Amino acid sequence: MLESSIAPSPAQDLDLLRQVFGQVDAQSCPDRYNFHNHTNCSDGKLTPQASMAQAIEIGLEDMAITDHHSVRGYQQAQAWLAQQSSHLRLWIGTEITAYIDGVDIHILGFGFDPHCLQLAPYLQSREADRGYTPAEKVIAAIHAANGLAVLAHPSRYRLPTEQVVATVVDCGIDGLEAYYAYKHTNPWAFTVPETERVLGLIDRYGLFATCGTDTHGTNLRLRL
C-alpha cells in the first residue's frame, strides 16, 4: 500500500461502516441506505452530481457509488457533496468482475484506499486480466486496500446460491447483498424468497448484510 501521511477519508472509516452495515434491515432500502449505484462514469445514466442531488432529496443517510472497475464517479460525487450542506455519508465503492468455477460474479468493494497498489489493476475502468480474475485475488486486493468485500446479488448467477456463497466465503468475503430486487419491480422491493435464502446464509457464515437498488437509470429508487 502506498505510504501516506494523510489521514484516512471518512469514506474509509471501516469501524463506522461495519456499524452501518449492522443496521441494514428490510426497511433500509431505497430511502435510508443504498450501497449499490452506478453513474455515467461506468454504465449508468446519472451524472455523479445528479446522483448526489437525488440522494439528498430522497433523504438517504448512507450511500455508495459502485461504478464498475472505477472510482471516478465517487470522486466527482464527493467533490460536489463537499460543497453542499448535507448529512449524507458517501462511501467509496466499486464493483469488480471476478470468477469462480468458470462463472463470472460481481464483488462490491467498500471503504478501501483507492491508492493501494494491489487494488490498482481493478480500478482501470475495465476488467483486469481479460476478466478472468479469480475471486480470491479480487477479495484479497480489497482487503489489502483495507476495504470490505461484499458479493453483489448472490442469487443472480449461473450456479446455486448456496454454492456461490460457500465458495466466496472460502475466499474471505465479508458480506452479501441481501436486499435486492431480482424482479426489477416498480416501486423497488427486494425479492422475498431470495432475500430470505441469503439472510439464512449470512447467519450461517457470520457475514454482513447490505442492500442496494443497483441503479443504472435516472432514478436512484429503481434499477432502470
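Biologist: Which side chain does D31 meet in a salt bridge?
Modeller: D31 meets R221, at 2.9 Å from N to O. A salt bridge here is a side-chain nitrogen of Lys or Arg within 4 Å of a carboxyl oxygen of Asp or Glu.

Biologist: Where in the chain do D31 and R221 sit?
Modeller: The two are 190 residues apart, so the pair links distant parts of the chain. D31 is in the loop between helix 1 and strand 1 (33-34). R221 is in the segment after strand 7 (208-211). Helices (H or I, at least four residues) and strands (E, at least two) are DSSP runs, numbered from the N terminus.

Biologist: What kind of model is this, by the way?
Modeller: This is a predicted model, where local features need pLDDT of at least 70, side-chain atom pairs count only at pLDDT 80 or more, and totals for chains, interfaces and linings use all residues. Residues are numbered from 1 along each chain as its sequence is written, and side-chain values use heavy atoms, with hydrogens and water left out.

Biologist: Back to the pair. How exposed is D31?
Modeller: D31 is partly exposed, at 40% relative accessible area. R221 is partly exposed too, at 35%. Buried means under 20% relative accessible area, exposed over 50%, and partly exposed in between (1.4 Å probe, protein chains only).

Biologist: How many salt bridges are in the whole structure?
Modeller: Seven. One of them joins E61 and R32, at 3.1 Å from N to O. That pair also links distant parts of the chain, 29 residues apart. E61 is in the loop between helix 2 (48-58) and strand 2 (62-65), and R32 is in the loop between helix 1 and strand 1.

Biologist: Which residues are joined into one network?
Modeller: R156, D214 and R223, through salt bridges that share partners.

Biologist: And D15, what does that pair with?
Modeller: D15 pairs with R18, the closest N and O atoms being 3.5 Å apart. Both are in helix 1 (residues 14-21), three residues apart, which means about one helical turn separates them.

Biologist: Is D15 buried or exposed?
Modeller: Exposed, at 54% relative accessibility. R18 is partly exposed, at 34%.

Biologist: New topic. Which residues of helix 3 are buried?
Modeller: In helix 3 (residues 72-81), G73, Y74, A77 and L81 are buried. They lie on the same side of the helix, because they cover an arc of only 95° around the axis. The arc is that of the directions from the helix axis to the C-beta atoms.

Biologist: What covers them?
Modeller: The cover includes helix 2, strand 2 and strand 3 (89-100).

Note on methods:
Contact = heavy atoms within 4.5 Å.
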